[in-house]
Amino acid sequence: MNLFAAIYVKNAIILNMIFRGKQIEASIPTKLFSMEHQHTYDSKGRQICCTEEEKIYKKAGAEELLDEKTIPTHTDHDGHDHDGHDHSATGESRWQMFLPSIISLVLLLIALYFDHFLKPYWFSDWVRIAWYVGAYLPVGLPVLKEAWRSILLGGFFSEFFLMSLATLGAFAIGEYPEGVAVMLFYSVGEVFQTLAVSRAQANIKTLLDQRPDEVTVLRNNKPEIVKAEKVEINEIIQLKPGEKLGLDGELLSDKAAFNTAALTGESKPDTKLKGETVLAGMINLNTVVEVKVTTAYTDSKLSKILEMVQNATSKKAPTELFIRKFAKIYTPIVVFLAIGITLFPYFFVENYIFSDWLYRALIFLVISCPCALVISIPLGYFGGIGAASKNGILFKGSNFLDVLANIQNVVIDKTGTMTEGVFKVQEMKFDPFFDQAEILEMVYAVESKSTHPVATAIHEYVGEVNTDLNVENIEEIPGHGLKAKIKGKELLIGNFKLLDKFDIKYDSDINEIAYTLIAVAYGGKYVGYLTVADSIKEDAQLTIDKLKSLGVKTTMLSGDKNSVVQFVAKELGIENAFGDLLPEDKVQKIEEIKAKNQSVAFVGDGVNDAPVVALSDVGLAMGGLGSDATVETADVVIQDDRPSKIPMAINIGKQTRKIVWQNIFLAFAVKAVVLILGAGGLATMWEAVFADVGVALLAILNAVRIQRMKF
């Protein structure tokens, strides 16, 4: 494996190893592929073909790099990987991390003092060499070991090999101080890189894993403090004011206010009522409450979110993949140029001195080490993922940061995205021939089996379900509504397209009504309709305005009545809006946009719009906090129900891309200048060290900057 590829894989593993606490099996959702292709699955039922990662690599034209991911790595210790060394913290204090560098620095400074000031007679020949070797070993020995390990595994052109070759070459031509200095500064740079990654680790862990280790459980009516992971389902947790909930559950107390900032990024208190779901990570704000555990510790919503962000670093952005592909050309060129710098002047320079030109070649090798790129680029994307998580936006891969940064169209579902999704029945208009109370009772008995927001509206309007009603053969017809059999007759509930589908005549002039209509038919006859209304979210207007300022076109698609969709679109200033759409109609609208060679992001609930999500370049799901399916299916999950997070996610993608390209230009520009100076004999090892370690540190500082940005 070449230099960039070897080090890149190492650093990808480093960022994944940030969360070393447990071995995670990545659950990577797949989008729709050719209908002719048959997916394959492993023994546990997990799909093993057509993974998201495989698609990303193929789209970037880097399929060959998929094979390189099979390189074996150590799993029995944290010290290193076969692909390289580990920048994750291993429990060492900062003093321990810097100790080898401190020892080398002290010995180097003493040697320089002897060389240039004190000049004792005994500090010469083998004593001087031994002294410098002693200064070199604390920082050089670990790098030499990693270089040898890398060679054994086929990674000949690793950064360790280049640094070892350059410093040992300096010793070979008698430049002992510079050989030690290069390795010393390289090692110091490695420590700072480790600290930078550790800081990212701490930030993300603090941000996401908000669960307490222990909880108070009521057993035999007595409070007992136990480990959260030992609590069983249906046990009751007692939560005092200011305490964090350790597991997902159902609120047993009448009412409670919670701070949900750990999950949604919002500090506004969220009031929960008896019977409502409360999630691990929420903080109780006022009175003592009781919660019945409904989910095991490892299956909580926060666990799923944490696992998703942990897995996000394994899905590479095209920029990262490009660096790896570029390395296949870059590395051999650099090595052969270094050889050429050493040997070719013999044929063209009159007073050729081998040691001088070897020195220039060694400088060339030190400068060519790509630390700044292979560390700062993944760290930049990791910082972007962390910044998004802090604001309640979860990216399933750094590739989606890049996609959103370049997005041209945002297609938005209406209900639950731009509107509250909380319906209220406004009017009931049934044929007097039917018993209205009986029909309503039957309608709700069927709707109670559905999760659609309209069912909740009917529940509030009708009351409790009549459990004596025998409902049979309930069937959901996508884009139309529900069909069931009650008392031997067929009951239809849905839009008027459902009645058209079953050839049921109706005389209502539905186009003049600006509300959502729920048509009802029973026994093959038209009964009438219910009108339900939804309200626009308070930050919906701000969302559209920000998207326009970012130069992103917005389109609204909905299966709701077209007059309702047009009313909402007009209120928000959305130019393109389409209603009365079936799932296949939404797919057609997306295809029309993509036919213009424009990128599309779809925002919906992530479940009912699976075909559209599959067709779009990136799928965003709203309200992921309450839906397991949403977390599984979407590419980006917005944890609360605020649509203003859509332009925020795009902005985070743009800022991340900006920082990554700043680092790329910085690294290449400085290295190109110093490479030219080094080849011409105008740069020394000290400039080479700056071009390598100095630029790497500057790039790292720039990369972590995104974690402190306000969006």
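Predicted model: local features only at pLDDT ≥ 70, side-chain atom pairs only at ≥ 80, totals over all residues.
Trainee: What makes Tyr346 and Tyr352 an edge-to-face pair?

Mentor: Rings of Phe, Tyr and Trp (its six-membered ring) pair if their centres lie within 6.5 Å; planes under 30 degrees apart are stacked, over 60 edge-to-face, the rest tilted. By this rule there are 17 aromatic pairs. For Tyr346 and Tyr352 the centres are 5.5 Å apart and the planes stand at 85°, so the pair is edge-to-face.

Trainee: How do you know that the charged end of Lys589 sits over the ring of Phe578?

Mentor: The rule asks for NZ of Lys or CZ of Arg within 6 Å of the ring centre and within 35 degrees of the ring normal. Lys589 has its charged end 3.9 Å from the centre of the Phe578 ring, and sits over it. Arg360 does likewise over the face of Trp357, at 4.0 Å from the ring centre.

Trainee: What makes strand 13 and strand 22 a pair?

Mentor: Strands (E, at least two residues) and helices (H or I, at least four) are DSSP runs, numbered from the N terminus. Two strands pair if DSSP finds at least two bridges between them. Strand 13 (residues 409–413) and strand 22 (residues 600–604) have four bridges, in the parallel sense. Val410, for one, has Ala601 in strand 22 as its bridge partner.

Trainee: Why are strand 12 and strand 21 said to stand at the edges?

Mentor: The open sheet has seven strands in the order 12-24-23-22-13-20-21, with mixed pairing. Strand 12 (393–395) and strand 21 (576–578) each have a single partner strand, so one side of each lacks a neighbour in the sheet.

Trainee: Why do the buried residues of helix 20 fall on the same side?

Mentor: They are Val564, Val565, Val568, Ala569 and Leu572. Their arc, taken from the directions from the helix axis to the C-beta atoms, is only 130°, which puts them on the same side of helix 20.

Definitions and conventions:
Residues numbered from 1 in each chain as written. Heavy atoms only, no water. Buried < 20%, exposed > 50% of the residue type's maximum accessible area, 1.4 Å probe, protein only.
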